[in-house]
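User: I am new to this structure. Please walk me through it in short questions and answers.

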Amino acid sequence: MDWKAFKSSLFESAKVKIEALLSEGVAPLYAAAFFASYREQEGIISLPSLAANNLAMLNEEYPNRKQKDEGFYSIKWNPADWHWNWEPEDYGEGRLTNYETQLETYSNRGSVAMWNKAEERFVTTVVQVAVALNKHFAKDPAYLRILWCFFMMKKVVPNWPGSVCQHANSCITFPNRMLQKKSVDV
């Protein structure tokens with residue numbers, strides 16, 4: 001598995017999709033996220049979906065929501081409920097197709113321990129791409145610099161870039177600079 005090439009392709013695919021969205025004048029986005037990567041031990045590791053949203057679409061699609069109910073587990077922060085939502089084949093436009101097959105082959109080349117290491121490396125790579133995308137868009141006023149990853153995990157992955165907030169069996173990863181603030185309030 002060529003992890004460097006995968007990382008580059010995932011970065012470019014998400015960057016192009018977000019730039020295309022911003023060029024349509026939908027700014028500012030309050031968030032974008034990698035999410036919904038299905039993983040089954042000794043089986044598949046699927047590439048993550050990508051989603052984005054802005055406050056205008058949130059207000060249009062959910063006019064009766066209450067701002068006091070906008071905690072982390074609300075519609076506002078659930079990528080599956082966001083207006084712009086793409087599967088890997090949609091935002092990757094063919095660039096990511098082979099990587100899912102390569103990833104499954106690589107992760108299932110041996111023992112359970114090898115699969116676990118492949119999953120850890122995959123999740124770490126996606127988080128690194130989110131951090132790199134935040135750096136890329138840092139000076140763009142149309143983008144509020146909140147790109148994060150949500151992965152359901154059975155264990156904590158040490159040494160992730162950014163910090164990890166653990167809730168039951170999940171790990172939510174935000175880039176470092178987002179966590180330096182006391183709250184993510186937009």
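**Surface charge and core**

User: Which residues gather in a patch of negative charge on the surface?
Analyst: This is a predicted model. Asp and Glu count as negative. The surface patch of negative charge is formed by Glu87, Glu89, Asp90 and Glu93.

User: Where in the chain is the place of Asp90?
Analyst: Asp90 is one of the residues in the negative patch. Its place is in a helix that covers residues 88-92, namely H3.

User: Does Asp90 count as buried, partly exposed or exposed?
Analyst: Buried means under 20% relative accessible area, and exposed means over 50%. Asp90 has 38% relative accessibility, so Asp90 counts as partly exposed.

User: Which element gives the largest share of the largest nonpolar core?
Analyst: This core has 31 residues, and Leu10, Leu29, Phe34, Trp84 and Phe122 touch the most other members. Two or more residues each come from helix H1 (3-23), strands S1 (29-35), S2 (49-54) and S3 (84-86), and helices H4 (97-107) and H5 (112-137). The largest share is 9 residues, and the element that gives it is H5.

User: How many residues are in the other core, which lies apart from it?
Analyst: Among the members of this other core are Tyr30, Ala33, Trp77 and Trp82. Its residue count is 8.

User: What pattern does the chain follow along the sequence?
Analyst: The chain has 6 helices and 6 strands. Read along the sequence, their pattern is α-β-β-α-β-α-α-α-β-β-β-α.

User: What percentage of the residues of the chain count as buried?
Analyst: The chain has 186 residues. A residue is buried at under 20% relative accessible area. The share that counts as buried is 45%.

Note on methods. Residues numbered from 1 in each chain as written. Predicted model: local features only at pLDDT ≥ 70, side-chain atom pairs only at ≥ 80, totals over all residues. Heavy atoms only, no water. Patch = residues over 30% accessible without salt bridge, like charges linked within 9 Å, V, L, I, M, F, W, Y side chains within 5 Å. Areas by Shrake-Rupley, 256 points an atom, 1.4 Å probe, with all protein chains shown as cover. Salt bridge = Lys/Arg side-chain N within 4 Å of Asp/Glu carboxyl O. Charge placed at Lys NZ, Arg CZ, Asp CG, Glu CD. Helix = DSSP H or I, 4+ residues; strand = E, 2+ residues; numbered from the N terminus. Buried < 20%, exposed > 50% of the residue type's maximum accessible area, 1.4 Å probe, protein only. Core = buried A, V, L, I, M, F, W, Y, C linked by side-chain atoms within 4.5 Å.
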